[in-house]
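Here are a few exercises to work through with the model open in your viewer. Try each task before you read its solution.

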Amino acid sequence: MILVVGLSHRTSPLAVRESLAFSREVLADALRRMRDEAGVPEAMILSTCNRVELYGRGQQVEAAGRRLEEFLCGFHRRPLEEVAPYLYRLAGPDAVRHAFRVAASLESMVIGEPQILGQVKEAYQAAEQAGTLGSALNALRNRSLAAAKRARAETGIGQNAVSVSYVAVELARKIFGELRDKNVLLVGAGKMSELAARHLVRSGARASVLGGRTFERAEELAAALGGRAAPFESLRSELAAADIVISGTGAPGIVIRREDVEHVRSARRGRYLRPLFLIDIAVPRDIDPAAGKLEGVFLYDLDDLRSVAEANLRERQKEAAAAEGLVEREVREFLEWQKSLDVVPLLVELRQRADEIRRRELDRARRRLGPLSAEQEAALEAATTAIVNKLLHSPTVQLKEIARNGGAAEQVAFIRKLLGL
Amino acid sequence: MASHVYLLFTLALYAVGALHVLLQALTRRKLLTSWTVTATLAGFALHTASLSQRWTEAGHFPAVGLHDVSSFLAWAVVLVFLMTYTRTRVEALGLAVYPVAFALVLVSNMTPAAETDDPILKGLFLPIHATLAFFGYAALFVAFAMGLLYLIQERELKSRSPRRFYYIVPSLERCDSIGGRSVEVGFGFLTLAILTGMLWSHRARGVYWTGDAKEWTALIAWVLYVALILARHRSGWGGRRAALLGIAGFAAVVLTFVWVTVASGVASAAR
């Protein structure tokens with residue numbers, strides 16, 4: 001049975017999660033200690049900034065869960081009583097469902113965020129390398145990651161940017177379609193402009209940076225973006241070549257006036273009506289709001305970008321319902337499959353079947369032999385029972401062994417076929 | 001009356017597409033699912049069967065009278081839509097195409113077929129002229145729809161607080177380039193249709209130009225499209241103005257079309 005013990009952004013403050021996190025360096029050691037100290041044959045640890053979770057396999061849920069909790073606190077030298085209120089413990093179907101939902105980022109702080117899938121993948125990889133991954137957790141890995149990918153591909157949970165810099169890129173795509181060979185002009189070299197410009201350059205846009213008082217900073221940034229730097233005086237000529245302008249200077253007043261934009265757009269007839277996307281991420285604002293009224297000019301300030309991000313998040317939440325349904329179906333399929341691995345019903349069936357055959361053959365023999373004495377009757381009974389038991393001994397032991405190792409569906413299916421069950 | 005039966009099934013299948021697209025637009029963002037596309041393809045197959053059956057029944061190319069014309073036009077619109085969709089995957093186009101295809105087939109279903117055996121309809125001119133014209137109309141309709149989508153998306157972007165259409169409608173650039181391409185294709189067909197129409201008129205009546213209102217509207221639409229295409233190529237006109245001109249050009253085309261089908265019922269050369 002699969003077990004999960006852990007804490008997340010829903011159950012605990014950041015400080016508690018930090019104190020219980022596993023860094024990359026200690027992970028391999030921690031996995032092996034978890035397996036040995038908590039006595040679970042399989043172990044996996046998922047440690048991100050939003051959750052710390054121990055995944056294991058064990059028979060006695062209560063005892064194994066307790067040992068996992070003790071290991072978590074023991075490893076970090078924290079008293080269990082202090083941490084216990086933040087912990088949750090899940091077993092069996094609940095644990096499976098949780099693993100699927102985490103991978104599909106349905107449990108994430110921002111639904112649909114893409115990092116979690118990579119983090120889950122890495123966690124399984126670490127367990128594999130540490131040698132603590134067995135067939136049960138491995139099956140969970142394959143199915144939950146596949147389900148997460150399906151949820152992303154078939155529903156909109158991963159769609160639409162929810163951070164300001166990605167919103168800028170998404171809007172640029174809505175205006176220009178392809179961003180390849182589009183010219184991005186950075187006015188001022190702030191952190192946020194750089195982030196948005198990086199996304200744009202990665203999509204194939206070319207960058208140029210207008211320097212202000214500190215031209216070196218502009219040159220540095222231009223080099224980092226694979227573009228070129230220009231002095232602030234060439235604003236109009238740079239503006240004329242630009243498709244996208246990101247302005248984020250610390251200037252107290254307007255830097256790009258409506259006249260500048262108007263001038264540029266009437267100066268070059270050939271590109272007169274091509275759209276121009278102005279992004280103003282400065283506070284106070286750099287670009288005259290009136291410039292946004294010009295035909296073909298789209299002006300977004302920081303507040304606008306934020307409100308788009310919020311609208312996008314609402315869209316995602318709508319999509320989450322569809323993703324929930326999809327993941328739930330995948331979970332049920334997995335649980336069904338897990339059940340087929342269970343050898344107990346197979347063993348019961350096998351024994352019943354054998355006993356049925358024994359009785360039938362015994363009855364036929366009695367009819368032919370005629371009346372028997374009590375001793376003869378007992379001997380016949382004992383002999384046939386012994387035959388059945390001896391024949392079934394080895395298969396029973398082997399099946400139990402398969403079950404202990406997590407089992408393999410093909411093996412169980414093959415045995416069923418072999419025995420005609 | 002087999003063509004009627006086919007047409008009724010076609011109507012039902014296009015209705016599935018129309019309803020589905022509108023429902024999807026209200027609830028989710030993936031407008032076309034494999035169900036919609038399958039229903040449309042099945043509808044289109046039946047539609048083709050209906051037209052071919054009708055050709056046999058009527059004894060002439062099924063492009064005479066409101067019944068035939070609306071059915072044939074719907075067929076051309078769906079075909080051009082399917083071709084555009086396979087090339088560009090623009091689903092939002094379905095928002096315009098499905099209701100229109102449904103409405104046209106509905107009109108066709110509700111009007112009686114015109115029975116005429118005018119000898120002028122026998123030759124090759126009717127099939128050639130009508131096919132060219134209908135494909136032209138269909139392509140120009142796509143250009144019109146892309147122009148509308150452009151204006152809608154531009155409004156969404158200008159408003160700075162995107163709502164539903166922001167997510168559904170493709171980028172401005174895409175609306176513009178697909179619209180521009182459709183105008184060129186539609187214009188080509190329209191030109192050929194006008195030329196064959198003139199030849200047909202000459203063959204039937206001895207004159208290329210009779211000067212009736214329908215010919216004038218066709219000419220005005222044609223000039224509008226010439227202006228639009230020239231503006232685009234010569235001075236980089238695109239975007240909003242191209243979208244508006246595309247819409248205006250199509251309005252002129254619709255005017256021509258309504259004139260022909262409602263006022264006369266038969267192509268001008270046949271009168």
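**Confidence first**

Chain A has a mean pLDDT of 88, and 96% of its residues reach 70 or more; pLDDT is the predictor's confidence in each residue, from 0 to 100. This is a predicted model, in which local features need pLDDT of at least 70, side-chain atom pairs count only at pLDDT 80 or more, and totals for chains, interfaces and linings use all residues. Residues are numbered from 1 along each chain as its sequence is written, while chains are lettered from A and ligands numbered from 1 in the order in which they are written.

**Exercise 1.** Describe how α2(A) and α6(A) pack.

Step 1: Take helix α2 (residues 24-38) of chain A and helix α6 (residues 115-130) of chain A; their axes are 9 Å apart, at an angle of about 65°. Helices here are DSSP runs (H or I, at least four residues), numbered from the N terminus. Axes are lines fitted to C-alpha atoms over the stretch in contact, with angles from 0 to 180 degrees between N-to-C directions.

Step 2: Therefore α2(A) and α6(A) are roughly perpendicular to each other (65 to 115 degrees).

**Exercise 2.** Find which element of chain A has the highest mean pLDDT, and how many of its residues are buried.

Step 1: The highest mean pLDDT belongs to α5(A), at 95, and the lowest to helix α16 (residues 409-419) of chain A, at 74.

Step 2: In helix α5 (residues 93-103) of chain A, nine of the eleven residues are buried (20 or more other C-beta atoms, placed from the backbone, within 10 Å of their own). Among them are A:Phe100 and A:Arg101.

Step 3: Just after α5(A), look at A:Ser105, with its positive phi of about 60°.

Methods
Helix = DSSP H or I, 4+ residues; strand = E, 2+ residues; numbered from the N terminus. Parallel < 35°, antiparallel > 145°, perpendicular 65-115°, else oblique. Buried ≥ 20, exposed ≤ 12 C-beta atoms within 10 Å, placed from the backbone.
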